[in-house]
Amino acid sequence: MEWFHSTEREQERPNRGLASSHEIQSAFDEQREYLHWIALLITGDEALADLAVVNASALSANYSSVFRDWLIRWATYATVRAAVREVRDLISASASHYVDSPSEHRDDDVLPDDRIMLLRHADPREIIAALDPLARCALVLRGIQHASLADCALLLDVSRGIVAGAYSQALRWNGEHIGAHAAPNEDQMDSRV
């Protein structure tokens, strides 16, 4: 009857690889600024971004199967899902703009770390004003989080082609934005020489 008692022994042993609810909450607290930024890019609204982070944090506090090594990714993923839920109707409405929009980028075209850092330093209001909700979601999910186009399509409930078109739009804007902001910095460096 060894099998009968194995459950009791497993309950006595701590789950060394799994995070406690306190550790999950700590991950949200430590990453709050980044999570709010991600939620703000997706929702386009401060109040909805705050709500998304709070909802993700509350949901995750009750979740007990998160590996410690995945805490930051888990917190980000939970926040992204909560933010997408807040603007689901806006995402669906903007999807029609990309029905016949060709993708100009390869499937593996994600943002490198230096471009992500430039976005982190950009004014979120500028990104929100330039991109519709679907393009912002594609930028966050595909460009920043490096999710596959298929995973993006599944989460956003649109076709892969629509996500690719929206992501292409976001990358075009990002390229123009970086070009416009890099030029003044180069001019400033030239004048110092």
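**Entry 1. The aromatic pair**

I began in helix H3 (residues 32-43), where Tyr34 and Trp37 are three residues apart and therefore separated by about one helical turn. I take helices (H or I, at least four residues) and strands (E, at least two) from DSSP runs, numbered from the N terminus. For background, an α-helix has 3.6 residues a turn, so residues three or four places apart point the same way.

I record here that the model is predicted: local features need pLDDT of at least 70, side-chain atom pairs count only at pLDDT 80 or more, and totals for chains, interfaces and linings use all residues. Residues are numbered from 1 along each chain as its sequence is written, and side-chain values use heavy atoms, with hydrogens and water left out.

I searched the whole structure for aromatic pairs and found one. The ring centres of Tyr34 and Trp37 are 6.0 Å apart and the planes stand at 35°, so I list the pair as tilted. The rule I applied pairs rings of Phe, Tyr and Trp (its six-membered ring) if their centres lie within 6.5 Å; planes under 30 degrees apart count as stacked, over 60 as edge-to-face and the rest as tilted.

I then looked up the exposure of the two residues and noted that both Tyr34 and Trp37 are buried. In my notes buried means under 20% relative accessible area, exposed over 50%, and partly exposed in between (1.4 Å probe, protein chains only).

Trp37 has a further entry: Arg120 lies over the face of its ring, at 5.0 Å from the ring centre. I count a charge as over a ring if NZ of Lys or CZ of Arg is within 6 Å of the ring centre and within 35 degrees of the ring normal.

**Entry 2. Cysteines**

How many disulfides are there? I count zero disulfides, taking a disulfide as a pair of cysteine sulfur atoms within 2.5 Å. The closest cysteine sulfur to that of Cys137 is in Cys152, at 9.2 Å, which is too far for a bond. Cys137 is buried, with a relative accessible area of 0%. Cys152 is likewise buried, at 1%.

Leaving aside neighbours within four places in sequence, I find Cys152 in contact (heavy atoms within 4.5 Å) with Leu141, Arg142, Ala147 and Val163. Of these, Val163 is eleven residues from Cys152 in sequence, and their C-alpha atoms are 6.9 Å apart.

Which residues of H10 are buried? In this helix (residues 149-156) I list Leu149, Cys152, Ala153, Leu155 and Leu156 as buried. Seen down the axis, the buried residues of H10 fall within an arc of 165°, so they line one face of the helix. The arc is that of the directions from the helix axis to the C-beta atoms.

I checked backbone angles on either side. His146 lies in the loop between helix H9 (133-144) and H10. The phi of His146 is near 60°, a positive value in a residue other than glycine. At 39% relative accessibility, His146 counts as partly exposed.

Just after H10, Asp157 also takes a positive phi, of about 60°, although Asp157 is not a glycine. I place Asp157 in the loop between H10 and helix H11 (160-192). Asp157 is exposed, with a relative accessible area of 61%.

Asp113 and Gly143 are 30 residues apart along the chain, with their C-alpha atoms separated by 9.9 Å.

Asp89 is in helix H6 (residues 88-95) and counts as exposed, at 65% relative accessibility. The C-alpha atoms of Asp89 and Pro133, 44 residues apart along the chain, are separated by 9.6 Å.

**Entry 3. The chain as a whole**

The protein chain has eleven helices and zero strands. Of its 193 residues, 40% count as buried. Among contacts with a separation of 6 or more, residues 24 or more positions apart account for 79%. The accessible surface of the chain comes to about 11300 Å², and 53% of it belongs to carbon and sulfur atoms. Accessible areas come from the Shrake-Rupley method with a 1.4 Å probe; for residues, only the protein chains shown count as cover.
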